Amino acid sequence: GLIFYDTKVTVMNRVLNATVQRTADHAAPEITLDPLEIVGGEIRSSENSYFCQAARQLACVPSSQLCVKLASGGDPTYAFNIRFTGEEVHGTSGSFRHFLWQVCKELQSSSLSLLLLCPSSAVNKNKGKYILTPSPITYAEEQLFHFFGQLLGIAIRADVPLPLDLLPSFWKTLVGEPLDPDVDLQEADILTYNYVKKFENINDETELEALCAEIASQHLATESPDCPNKPCCKFTYVTMTGEEVELCPRGRHIPVGWENKDVYAAAIRSLRLRELQTPECMMAVRAGLGSIIPLQLLTTLTPLEMELRTCGLPYINLEFLKAHTMYQVGLMETDHHIEFFWSALEMFTQEELCKFIKFACNQERIPFTCPCKDGGPDTAHVPPYPMKIAPPDGAAG
């Protein structure tokens, strides 16, 4: 927290350029994607998704081939080139950006099961925010998490922000910061947070009985073995993926009483925090990320800075875009039609601006990584900004 973000980015950019492993005399790996596999928007099986098509083809490419210099200027170097079957595309930039955009859509849809909508979404808190799916993983899923980590690193080197909406707990775990048992639980699963709080704030046994009766009416409790008509809770709880699990050995047979209610609340809290940390999945993601960028870099970044560096800002800053738009020969910012153009964009909503950016440059977000905005010493690194305005082809008028 003692170092300015721009300073960190400058150091990070230098380290990334010093750890390039694919030199100019090596051809970029190429993958072929079949757009017909995902025709109609609904992916019939996850195997057909761009994400899985790419993961399969890049599995045998050494990660050193994906470590390229930081993208800058007009024709950036990307980790790999993409050919779409049956489509003729000029240059590599458009199809690469489109691929990253499509992959983020897939990750945040039901076609892949790597990410899970956070439970708070159901009650309109952190709507549309995702976490890693907390469940035991197969070898195949581990490979996909590894590839997901690689994509985060590839996007950082390419300076193309990924339109991913992940909870802060993901970024905290990624950079190795401990989770906050209150704040992070509330962000991810406010219903469980409130449930735990109710047990922690009970003052006497009658309140506990009333609470168990309330829970029983929602079918979460069973009757107490001692007094058949008195409802009670057992040491079980439902995971984020919907399975009922025991919070301790033989938990199904242990009723929650006045003496152990705090133990019960603490057990639920630690179940959720363990699910948010998903150690097996996160280890695979970090391993993938570490094969593209040095993991030591993460020690200087806060979770928010890591998110900004990887995903950019979820809104379009028009002033920033204006400052980084290139005009081709013969055009000036003071030309009438250019002024009309910017004043038209000023009337756009954020949603319309995102669609405009997607149309103009095949990505929904603009990079937030530029120390050059003040003409600093690292001006040599200008991310491949999407916007270039050119005069019309053909005759004047």
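This report walks through the fold, cores, helix packing and salt bridges of a predicted model.

## Ground rules

Since the model is predicted, local features need pLDDT of at least 70 and side-chain atom pairs count only at pLDDT 80 or more, while totals for chains, interfaces and linings use all residues. Residues are numbered from 1 along each chain as its sequence is written, and side-chain values use heavy atoms, with hydrogens and water left out.

## The overall picture

The chain has 14 helices and 10 strands; these are DSSP runs numbered from the N terminus (helices H or I with at least four residues, strands E with at least two). Of its 397 residues, 47% count as buried. Here buried means under 20% relative accessible area, exposed means over 50%, and partly exposed is in between, using a 1.4 Å probe and protein chains only.

Contact here means heavy atoms within 4.5 Å. Take the contacts between residues at least 6 apart in sequence: 67% of them join residues at least 24 apart.

## Two nonpolar cores

A nonpolar core is a set of buried Ala, Val, Leu, Ile, Met, Phe, Trp, Tyr and Cys residues joined through side-chain atoms within 4.5 Å. The largest one has 60 residues, and the members touching the most others are Phe51, Phe80, Phe99, Phe148, Phe170 and Leu174. Helix 4 (residues 139-158) supplies the largest share of this core, 10 residues. There's also a second, separate core of 18 residues, with Leu211, Tyr237, Ala265 and Ala267 among them.

Setting aside neighbours within four places in sequence, phenylalanine 80 is in contact with Pro29, Ile31, Leu58, Leu66, Phe96, Phe99 and Ile154.

## Helix 2, mostly under cover

Helix 2 (residues 50-58) is mostly covered, with seven of its nine residues buried. Those are Tyr50, Phe51, Cys52, Gln53, Ala54, Ala55 and Leu58. They pack against strand 1 (30-33), strand 2 (81-84), helix 3 (93-107) and helix 4.

Helix 4 is also where glutamine 143 lies. That residue is partly exposed, with a relative accessible area of 38%. Glutamine 143 and arginine 56 are 87 residues apart in sequence, yet 9.4 Å apart in space, C-alpha to C-alpha.

## Helix 7 and its partners

On helix 7, the buried residues are Ile190, Thr192, Tyr193, Tyr195, Val196 and Phe199. They pack against helix 6, helix 8 (205-217), strand 7 (236-238) and helix 9.

Now for the pairing with helix 8. The two helices pack at an angle of about 155 degrees, with their axes 10 Å apart; axes are lines fitted to C-alpha atoms, for helices over the stretch in contact, and angles run from 0 to 180 degrees between N-to-C directions. Helix 7 and helix 8 are therefore roughly antiparallel (over 145 degrees; under 35 would be roughly parallel, 65 to 115 roughly perpendicular, and the rest oblique). Tyr195, Lys198 and Phe199 of helix 7 make the contact with Leu208, Leu211, Glu214 and Ile215 of helix 8.

## Salt bridges

The structure holds 15 salt bridges, each a side-chain nitrogen of Lys or Arg within 4 Å of a carboxyl oxygen of Asp or Glu. In one of them, arginine 272 pairs with aspartate 189, with the closest N and O atoms 2.7 Å apart. Arginine 272 lies in helix 9 (residues 261-277) and aspartate 189 in the loop between helix 6 (183-188) and helix 7 (190-200), so the pair ties together parts 83 residues apart in sequence. Both residues are buried.

Compare that with glutamate 351 and lysine 355, which meet at 4.0 Å, N to O. Both lie in helix 14 (residues 350-361), four residues apart, about one turn of the helix, and both are exposed. Then there's glutamate 246 with arginine 252, at 3.7 Å, N to O: the glutamate is partly exposed at 34% relative accessible area, and the arginine is partly exposed at 40%. Finally, Asp182, Lys197, Glu200 and Arg269 are linked in a network of salt bridges.

## A buried glutamate

Glutamate 305 is found in helix 11 (residues 303-311) and counts as buried at 12% relative accessibility. Leaving aside neighbours within four places in sequence, glutamate 305 is in contact with Tyr5, Lys8 and Thr300. Glutamate 305 and tryptophan 171 are 134 residues apart in sequence and 9.1 Å apart in space, C-alpha to C-alpha.
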